[in-house]
Amino acid sequence: MATILYGRDLSPFARRVAVWAALQGVALERRPLMVNGPDFETLKTVNPMGRVPILMTEDGEALIETAAIIDFLEEQAPAEAKLIPVSGAPRREVLQIMAYGHNTVEKGVALVYEKNRRPEEFQWPEWRARLEGQITGGLDEMESRAPADGFAGGDRPNGADVCLTLARDFIQATNPYLLDQGYPKLTALAARCNAMAEFGASNPTAPA
Ligand SMILES: N[C@@H](CCC(=O)N[C@@H](CS)C(=O)NCC(=O)O)C(=O)O
């Protein structure tokens, strides 16, 4: 049985799994189901909560929650393909950068529901402003932690590069005005990563 990833590239969480697997040379069959509309009922047959990502392993186990799926991929990977250092300060540093990327896209997704989806008459300007401030706070921190050149992982991207790039790409794809400050290091890192097929193939900001 193939390993199957449920979720579209516009989901920054599903995309993280797709990019991670690609960087590790793990083949995935994609099921780009939406979390809204008729796909929702189909998704609930795999994850009763109807959320993505879901990774169906070769053994038919349905894994949910990005961090748990990444943990599975890391555990399966040989030492040279792991994207998170195994211990100590280097591991903490990568996990913290990943956490800023993850938190930023969590707030980015919340902003999509609040601003891009919710009917205008039901929107709550103070909540939207709070989300925007949290997202730019995350982007500022990521900019300060992004590598000035090359990759955080050295000669190849690691988990920090994946999360920095995907967080920036998601904001670019959904609410690009939040990137008006420029974020030059993040932007350059995303360009370097997206030039690689492992990232570029799932880039939601790429022209169709
Ligand atoms: N904490 C979850 C977040 C996953 C998540 O928010 N997925 C979104 C798509 S980007 C979703 O399923 N939204 C539909 C919903 O939550 O009802 C993870 O990291 O896997």
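## Around tryptophan 20

Leaving aside residues up to four places away in sequence, tryptophan 20 touches Ile70, Leu73, Glu74, Leu83, Ile84, Met98, Gly159 and Val162, where contact means heavy atoms within 4.5 Å. A word on the numbers: this is a predicted model, in which local features need pLDDT of at least 70 and side-chain atom pairs count only at pLDDT 80 or more, while totals for chains, interfaces and linings use all residues. Residues are numbered from 1 along each chain as its sequence is written, and side-chain values use heavy atoms, with hydrogens and water left out.

## The nonpolar cores

Which residues touch the most other members of the largest nonpolar core? They are Trp20 and Leu139, in a core of 43 residues. A nonpolar core here is a set of buried Ala, Val, Leu, Ile, Met, Phe, Trp, Tyr and Cys residues joined through side-chain atoms within 4.5 Å, and buried means under 20% relative accessible area with a 1.4 Å probe, protein chains only.

Helices H1 (12-23), H3 (66-76), H4 (88-117), H5 (125-145), H6 and H7 each give two or more residues to this core; helices are DSSP runs (H or I, at least four residues) numbered from the N terminus. H6 gives the most, with 8 residues. The core draws at least three residues from each of domain 1 (4-81) and domain 2 (88-200). A second, separate core has 8 residues, including Val46, Val52, Ile54 and Met56.

## Two domains

The protein is divided into domain 1 (4-81) and domain 2 (88-200), with bounds from an automatic or database domain assignment. Their C-alpha centres lie 20 Å apart, and the contact takes 13 residues from domain 1 and 21 residues from domain 2.

## How H7 packs

H6 (residues 159-174) and H7 (residues 184-194) pack at about 105°, with axes 9 Å apart. The axes are lines fitted to C-alpha atoms over the stretch in contact, and angles run from 0 to 180 degrees between N-to-C directions. H6 and H7 are therefore roughly perpendicular, a label for angles of 65 to 115 degrees. Asp161, Leu164, Thr165, Arg168 and Asp169 in H6 meet Leu186, Thr187, Leu189, Ala190, Cys193 and Asn194 in H7.

H7 also packs against H5, at about 70° with axes 8 Å apart, so H5 and H7 are roughly perpendicular too. Here Leu139, Met142, Glu143 and Ser144 in H5 meet Pro184, Lys185 and Leu186 in H7.

Terms used: Parallel < 35°, antiparallel > 145°, perpendicular 65-115°, else oblique. Buried < 20%, exposed > 50% of the residue type's maximum accessible area, 1.4 Å probe, protein only.
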